[in-house]
Amino acid sequence: MKRLGWILAAVLWCVPAWAADFETLVGETIPSPYAANFKSYFKDQLIPARLAECVIVDRPTTYYVDSSVGSSGAGTLAAPLKQITDVNTVIAASSGYINILFRTGKTWDVTTPLLIDGKNGIKISTYTTDNVYTPPLLTCFSTAATGSWTSNSDSGSTNDGVATYYRTLASEPGWLVENTSDWTRMTPFRYRDSLADCQATSRSFFWDSGASRLYIHYSADPASVAFAYSLESNADEYATIEVKDADLTLVEGIRVEGNGATALTNQSFAYGIFCLGTMGRLVVRDCQAYYGGNHVFGSIGGGQVLW
């Protein structure tokens, strides 16, 4: 909480123009981060007020989203939406103040951000029909790298006896994950700048752009291992969830990963959840974000964000 306070303090201090606008929006006087009462204001007034404002909002219409259905429906519990693009269409056509609920335990491949643009009162949350409470996963690791690999003839140069393997890919990978278990998925492969470095570094990968080959340093023949990768070409996307020019937004219980994730290049704008523009109030709670390019959460512009 202390860290969050100083982060917000820095933002408010650096952008006084929108801080003044926000004071008008919420009817509060925001003290300077150097004021003696700033900590108490943040703890006792700002957090409870923003939570109440974003959580206790009348949202009369609810849409359900389930990636396992055969085709997208009207968004009812019996006929849920299917894809992120369906969700974006519903949000764009709405007048705001709606619930978008993702089914727990399901996964969505993200090639374009879930977009809340100019719509107030949107809630992104979860639902379950089978007592599964694993967070819905919005992932950009949508391209599979499964099947046979070729053992690299130079792998004897490794310093640990583990071989390197390669396979040809149609598109350049941004980052690589192993889907054997959630633990392996959360144990990243390190990108190396050369094949020699890859050979010398356990659990690493290297992209040979000239030969369109992905090399990995792995403990055994990876033919039976489920790998997936994000696309380097998507690395300039802003975020998995993007909130723009909106007020009273609530995002809760969602896991996002991989948008903008690339080990090969730097990105200035690559986030798990990103807000920008003329922001109002946004609360993000009980969410998880992994493999962001520069930030898992971030904001640019006015408004007040609680992570």
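Trainee: Which residues does Thr-107 touch, not counting those up to four places away in sequence?

Mentor: A contact means heavy atoms within 4.5 Å. By that rule, Thr-107 touches Ser-67, Leu-137 and Thr-139, with residues up to four places away in sequence left out. Ser-67 lies 40 residues from Thr-107 along the chain, yet their C-alpha atoms are separated by 6.5 Å. Please note that this is a predicted model, in which local features need pLDDT of at least 70, side-chain atom pairs count only at pLDDT 80 or more, and totals for chains, interfaces and linings use all residues. Residues are numbered from 1 along each chain as its sequence is written, and side-chain values use heavy atoms, with hydrogens and water left out.

Trainee: In which strand is Thr-107 found?

Mentor: Strands (E, at least two residues) and helices (H or I, at least four) are DSSP runs, numbered from the N terminus. Thr-107 belongs to strand β3, which covers residues 107–109. The protein as a whole has six helices and 22 strands.

Trainee: Does Thr-107 count as buried, partly exposed or exposed, and what is its relative accessibility?

Mentor: Buried means under 20% relative accessible area, exposed over 50%, and partly exposed in between (1.4 Å probe, protein chains only). Thr-107 has 39% relative accessibility and therefore counts as partly exposed. By contrast, Cys-198 is buried, at 0%, and Cys-275 is buried at 0% as well. Of the 307 residues of the protein, 49% count as buried.

Trainee: How many disulfides does a search of the whole structure find?

Mentor: A disulfide is a pair of cysteine sulfur atoms within 2.5 Å. The search of the whole structure finds zero.
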